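Please consider the sequence and the model shown below.

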Amino acid sequence: GKREPVLRALMASDNQLILVVFLLDLVMCVIRFIQPILIFFITNYFTETCESCSFGVGIGLMVCLTISEVLRGLLLSCQSFGSEYVGLRIRAGLTTVIYNKVLRMNKKTAHKLSTGEIVNFVQVDAANIAKAISQVSMAVTIPLYLVLAGAMLWYYLGVSSIFGILAISLVVLFNNYTTKKIAQHQKQVMEKKDQRMRATNEAFQNIKTLKLNAWEPQYSATLSDRRREELNSLHGQYMWTCVQVFSWYAAQGLAALAIFVPYQVFMDGNLSPGKTFACLSTINIIKTPMSRIPTVITTWLKAFISSRRIENFLIEEDVPENSIKKASGEHAILIQNCD
């Protein structure tokens with residue numbers, strides 16, 4: 001059959017829900033970057049003498065900051081619920097498609113695939129794709145967070161913000177290498193998992209022969225070797241994932257160091273409390289998006305690999321339509337005179 005992109009079709013099926021989740025994430029992003037501006041004015045209100053600033057101005061700024069945080073929390077709850085709802089719908093629909101394909105495939109395809117592989121399609125591959133699609137809004141808004149944060153840091157600190165951007169860029173280049181390694185190990189994990197499930201299924205189907213000939217130790221050793229190979233690939237994947245996550249968390253402190261040191265030492269800048277707290281708040285805002293970058297990248301890599309596996313499964317040959325005879329009448333099976 002013709003190969004159709006599974007990811008594109010699934011995203012098109014729930015595009016309205018995905019758009020609503022994206023808009024919630026977008027509004028939440030705007031609110032997040034309003035908060036450093038409010039912190040800047042609040043800090044200046046308490047640290048600088050301002051005769052024209054009345055007591056009501058300070059109260060108003062604090063009320064605005066509180067309302068923005070409450071509103072952000074409500075939007076975060078709605079966005080999380082929407083993402084989970086989209087993921088459940090995608091997984092349920094994809095599972096239905098897989099089982100419908102199982103019912104239609106011919107004997108050649110049925111002999112080629114084991115029960116374990118079909119279980120992997122439903123439990124692993126469908127879950128990977130559903131998780132990736134539920135994170136579409138996150139993947140789109142992360143670059144927006146970084147751009148807005150870079151613009152705000154440039155406004156407060158000028159040229160020294162470039163050093164922070166360079167520090168983050170170095171981490172991005174390093175993580176490009178780690179991402180390729182994670183993708184290689186993920187592909188190996190799925191291949192080893194299929195081999196182990198196929199061997200386990202054969203053992204269950206021929207359990208009488210194994211017992212009769214006392215082949216349990218030999219076959220148990222074979223299954224253990226398959227599992228050990230899978231665990232080795234999984235160990236490599238998680239080791240590279242740990243390196244990637246650590247580098248992103250270290251990038252936050254590295255960015256702050258690369259911004260403040262040149263500004264204070266080489267540019268003789270005046271770090272006022274308002275600038276300092278506003279910049280620290282901005283760096284704290286991008287902490288969460290930056291920490292999610294490796295998760296999003298890994299999730300989408302798994303989704304692309306899983307979509308390829310499911311596409312290859314869906315294009316397998318089916319039973320010819322003309323070989324299926326539909327029963328005429330109201331009932332496919334009719335039982336009479338059972339007394």
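The model is predicted, so local features need pLDDT of at least 70 and side-chain atom pairs count only at pLDDT 80 or more, while totals for chains, interfaces and linings use all residues. Residues are numbered from 1 along each chain as its sequence is written, and side-chain values use heavy atoms, with hydrogens and water left out.

W154, V159, I162, F163, L166, L257, V261, V265, F266 and M267 form a nonpolar surface patch of about 980 Å². Two elements, α7 (161–205) and α9 (216–266), each give two or more residues to this patch. The largest share, 4 residues, comes from α9. Such patches consist of residues with over 30% relative accessible area and no salt bridge, nonpolar side chains being joined within 5 Å; a salt bridge is a side-chain nitrogen of Lys or Arg within 4 Å of a carboxyl oxygen of Asp or Glu.

| Residue | Relative accessibility | Class |
|---|---|---|
| V261 | 37% | partly exposed |
| G56 | 46% | partly exposed |
| K193 | 16% | buried |

V261 belongs to helix α9, whereas K193 is part of helix α7.

G56 is located in helix α3 (residues 55–104). Between G56 and T288 there are 232 residues in sequence and 33 Å in space, C-alpha to C-alpha.

Methods. Patch = residues over 30% accessible without salt bridge, like charges linked within 9 Å, V, L, I, M, F, W, Y side chains within 5 Å. Areas by Shrake-Rupley, 256 points an atom, 1.4 Å probe, with all protein chains shown as cover. Buried < 20%, exposed > 50% of the residue type's maximum accessible area, 1.4 Å probe, protein only.
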